[in-house]
Amino acid sequence: KAFAKFLGSYGALDGGHPLFALEALTGDEVLKYSRKDGKWTALQMRHKGDTPDLQKLSFTAAVSGLSDDEMFEVFKAYDHKDAVQAAGSQGDDDTQSSGGI
């Protein structure tokens, strides 16, 4: 109920990006790391507009070209700070076509 009030309505809770919720819950800066061709890029989450909106986010490159070893050091530094870290993959989502679990 409190999060719906924060966003302005229950309808505003539909959709969006899970990293928005992480930011709202922790108050911390949110970075998304992406790996392509053996190099890591840090993408900083930005809000489009003045009010919180799940649908109006963008990610801009903050740091790029990190090696796997450098990225491991980044993970260690965040762990040392007791920062929230999460991981995911871009796997296939068949919940819509097969009915899910």
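My entries on strands and pocket follow.

**Ground rules.** I'm working from a predicted model, where local features need pLDDT of at least 70, side-chain atom pairs count only at pLDDT 80 or more, and totals for chains, interfaces and linings use all residues. Residues are numbered from 1 along each chain as its sequence is written, and side-chain values use heavy atoms, with hydrogens and water left out.

**Strands.** I took helices (H or I, at least four residues) and strands (E, at least two) as DSSP runs, numbered from the N terminus; two strands pair if DSSP finds at least two bridges between them. I looked up β1 (residues 31-36) and found it antiparallel to β2 (residues 39-47), with six bridges. The two make a hairpin with two residues between them, and I noted a positive phi of about 55° at Asp 37 in the turn. On its other listing, β2 runs antiparallel to β3 (residues 57-66) over eight bridges. I checked Thr 41 in β2: Ser 34 stands opposite Thr 41, and Ser 64 in β3 is its bridge partner.

**Pocket.** A pocket here is an open set of points on a 1 Å grid over the protein atoms alone, where a 1.4 Å probe fits, with protein on both sides within 12 Å along at least five of seven lines; lining residues have an atom within 4 Å of a point. I counted 24 lining residues, with Leu 19, Leu 31, Lys 32, Tyr 33 and Ala 86 nearest the centre. Elements giving two or more residues to this lining are α2 (18-26), β1 and α3 (68-80); β1 gives the most, five.
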